Amino acid sequence: MSFDEVLSFAEEQGIMVKDCDLSLAKACSIKDGDAVGIGLDCDLSPQERLTCLLHELGHCITDAFCPPHIRDRGKNEYRANKWAFEFHMPYEELLLVIMDGNTEVWQIAEYFDVTYDFVKKALRYYKIKEF
């Protein structure tokens, strides 16, 4: 899916996405009552924008928000990443991409138009060893 397709999906879910000048983070997701929104830093590369949108959308869809005073965010981060991987890089499609000869992490990242780090995390999540 392209950034615009994921953005349309977010809007269909009632999630507002805005570009912001974020100095301390690449992106954030916020819930205030029933209102949910995502902020993306203006200085992100296209791959970072899609990766951050997917991750923050994972927080919104799974209701895995991290209050600022909570130090252990692992469970919520895991839920957000899990959703992002399964939504954008489903296991079956990932295997087809690999079987088609895209065996390097950078090749998979280019195919899905996400960051190298996102692919590495997805491979760990799916328990696929690097080649």
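On a 1 Å grid over the protein atoms alone, a pocket is an open set of points where a 1.4 Å probe fits, with protein on both sides within 12 Å along at least five of seven lines. Its volume is the space filled by probe spheres set on the points, which are joined across faces, edges and corners. You are looking at a predicted model, where local features need pLDDT of at least 70, side-chain atom pairs count only at pLDDT 80 or more, and totals for chains, interfaces and linings use all residues. Residues are numbered from 1 along each chain as its sequence is written, and side-chain values use heavy atoms, with hydrogens and water left out.

**Stop 1: the largest pocket**

Start with the largest pocket, which has a volume of about 310 Å³. Select Lys26, Thr51, Cys52, His55 and Lys121: of the 14 lining residues (those with an atom within 4 Å of a point), these are the closest to the pocket's centre. Next, colour helix 2 (46-62), helix 3 (74-88) and helix 6 (116-125), the elements that each give two or more residues to the lining. Helices here are DSSP runs of H or I, at least four residues, numbered from the N terminus. Helix 2 gives the most to this lining, with 5 residues.

**Stop 2: helix 1 against helix 2**

Now select residues 3-12, which form helix 1; this helix and helix 2 pack at an angle of about 20°, with their axes 10 Å apart. Axes are lines fitted to C-alpha atoms over the stretch in contact, and angles run from 0 to 180 degrees between N-to-C directions. Helix 1 is therefore roughly parallel to helix 2, a label for angles under 35 degrees. Show Phe3, Val6, Leu7, Phe9 and Ala10 of helix 1, which meet Arg49, Leu50, Leu53, Leu54, Leu57 and Ile61 of helix 2; contact means heavy atoms within 4.5 Å. These residues divide into 10 nonpolar, no polar and 1 charged. Nonpolar covers Ala, Val, Leu, Ile, Met, Phe, Trp, Tyr, Cys and Pro; charged covers Asp, Glu, Lys and Arg; the others, Gly among them, are polar.

**Stop 3: helix 2 against helix 3**

Contact residues include His55 and Gly58 of helix 2 and Trp83 and Phe87 of helix 3. The contact divides into 8 nonpolar, 7 polar and 2 charged residues.

**Stop 4: helix 5 against helix 6**

Finally, select helix 5 (residues 105-112) and helix 6, whose axes come within 8 Å and cross at roughly 105°. That makes helix 5 roughly perpendicular to helix 6, the label for 65 to 115 degrees. Val105, Trp106, Ile108 and Ala109 of helix 5 meet Tyr116, Val119, Lys120 and Leu123 of helix 6.

Methods. Angles under 35 degrees count as roughly parallel, over 145 as roughly antiparallel, 65 to 115 as roughly perpendicular and the rest as oblique.
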